[in-house]
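Me: I would like to learn how to read the features of a protein model, step by step. Could you take me through one?

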Amino acid sequence: MKENRLLAKWLSNDLTEEELAEFKASPDFERYEKIKRYTEHLEVGELDENAMLSNILSQKKATPKVVPLYKKWAFRAAAIFVLALGITLVMQFVLPQTQTAGLGEKTTFSLPDHSEVVLNSGSEIHYKKWNWDHHRHLELQGEAYFRVAKGRRFEVQTNLGKVTVLGTQFNVKARKNRFDVVCYEGRVKVNYANTQILLTHGQSVSFENGKQVNRNIVASQPEWMNHQICFYKENIKSLLEEVERQYNIKIELHTKDTTALFTGKLPANDLTVALQIISTTYYLEARKGADAKIIFDEK
């Protein structure tokens with residue numbers, strides 16, 4: 001009741017400084033202020049004052065009804081609540097939606113057409129529900145696996161390139177200067193810079209610094225879905241960054257030789273084994289530093 005009273009006085013600009021401070025401290029103030037901003041610009045048509053006066057004078061006078069002040073506050077509060085609910089629903093439908101997977105995590109969610117998306121660690125997707133049936137477009141930062149429902153064209157935009165599909169299963173990875181696309185079912189069209197390539201089932205393409213590498217794959221889905229990190233001709237810095245992402249750790253590398261490329265798999269659920277493989281491959285020695293940091297030194 002007190003909040004309704006403050007709300008009514010706030011709408012009428014009748015709050016004292018002390019009451020205004022108290023009202024601004026309420027958890028709903030930001031929502032009320034947003035509603036006020038939306039509604040204060042509403043316009044109504046011009047009124048014919050003479051016609052309105054004549055109409056009022058010609059009507060029979062009725063006994064005035066007295067509406068208690070607390071009911072006015074209640075009506076205002078109810079109206080504001082309905083308006084806030086409507087604005088919230090519209091904003092959820094029209095504004096971009098965001099899905100994220102934190103470091104060391106994976107996130108699975110469904111799009112409005114029931115296409116399924118699995119986000120790999122340290123990745124993010126933005127899309128809009130509005131007009132989704134006719135404009136199935138989303139933006140990806142990081143890596144994701146898609147099981148696309150059959151229908152109209154489906155587009156995945158990254159900072160390095162775009163993938164266009166029609167009912168298929170594929171994986172997209174965009175990290176720094178490297179762009180990887182793998183087609184597990186159907187067909188996908190890949191656009192990178194001035195290059196356009198069509199991939200079919202079992203084909204993959206990688207772009208890095210303008211260089212293109214095509215290869216065939218036999219897996220039915222990305223290895224990271226089965227707790228494995230797969231690399232193909234990856235430099236050690238990119239490899240360690242992916243390990244950091246999957247295990248949510250920090251790694252420090254003390255070596256001058258960073259040119260050797262790694263092709264193989266690392267476990268995404270056993271850090272000890274992953275460190276042993278890296279150490280053996282690059283002739284390094286892993287040790288724990290402060291704050292659980294992993295440090296690689298040359299042997």
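Reply: What follows is a conversation about this structure, from the whole chain to single residues. The model is predicted, so local features need pLDDT of at least 70 and side-chain atom pairs count only at pLDDT 80 or more, while totals for chains, interfaces and linings use all residues. Residues are numbered from 1 along each chain as its sequence is written, and side-chain values use heavy atoms, with hydrogens and water left out.

Me: How many helices and strands does the chain have?

Reply: Helices (H or I, at least four residues) and strands (E, at least two) are DSSP runs, numbered from the N terminus. In this chain there are seven helices and 18 strands.

Me: What share of the residues is buried?

Reply: Buried means under 20% relative accessible area, exposed over 50%, and partly exposed in between, with a 1.4 Å probe and protein chains only. Of the 299 residues in the chain, 36% are buried. The accessible surface (Shrake-Rupley method, 1.4 Å probe; for residues, only the protein chains shown count as cover) comes to about 18800 Å², and 51% of that belongs to carbon and sulfur atoms.

Me: Which residues of the largest nonpolar core touch the most other members?

Reply: In soluble globular proteins, nonpolar side chains tend to be buried together. A nonpolar core is a set of buried Ala, Val, Leu, Ile, Met, Phe, Trp, Tyr and Cys residues joined through side-chain atoms within 4.5 Å. Here the largest core has 31 residues, of which Ile125, Phe146, Phe154, Phe170 and Phe179 touch the most other members. Strand E5 (residues 136-147) gives the most to this core, with four residues. Apart from it lies another core of 19 residues, including Phe231, Ile236, Leu239 and Ile278.

Me: What does Ile125 touch, leaving out residues up to four places away in sequence?

Reply: Contact means heavy atoms within 4.5 Å. With those sequence neighbours not counted, the partners of Ile125 include Phe109, Val117, Leu119, Leu138, Leu140 and Phe146, and also Gln97 and Glu139.

Me: Where is the largest pocket lined, and which element gives the most to the lining?

Reply: Rolling a probe the size of a water molecule over the atoms shows where empty space is left. On a 1 Å grid over the protein atoms alone, a pocket is an open set of points where a 1.4 Å probe fits, with protein on both sides within 12 Å along at least five of seven lines, and lining residues have an atom within 4 Å of a point. Grid points are joined across faces, edges and corners, and a volume is the space filled by probe spheres set on the points. The largest pocket has a volume of about 380 Å³. Of its 24 lining residues, Glu143, Val182, Arg215, Glu223 and Cys230 are the closest to the centre. E14 gives the most to this lining, with six residues.

Me: Is Ser279 buried or exposed?

Reply: Ser279, in helix H7 (residues 271-282), is buried because its relative accessible area is 10%. A polar atom of its side chain lies 2.8 Å from the backbone oxygen of Leu275. Thr281, also placed in helix H7, counts as partly exposed at 36% relative accessibility, and its side chain reaches the backbone oxygen of Ile277 at 2.7 Å.

Me: Is Leu166 buried or exposed?

Reply: Leu166, in the loop between strand E7 (161-165) and strand E8 (169-175), is exposed, with a relative accessible area of 55%. The C-alpha atoms of Leu166 and Phe154, twelve residues apart along the chain, are separated by 6.0 Å.

Conventions: A polar contact is a pair of N or O atoms within 3.5 Å; within protein, one must be able to donate a hydrogen and the other to accept it, and residues adjacent in sequence count only if both atoms are side-chain atoms.
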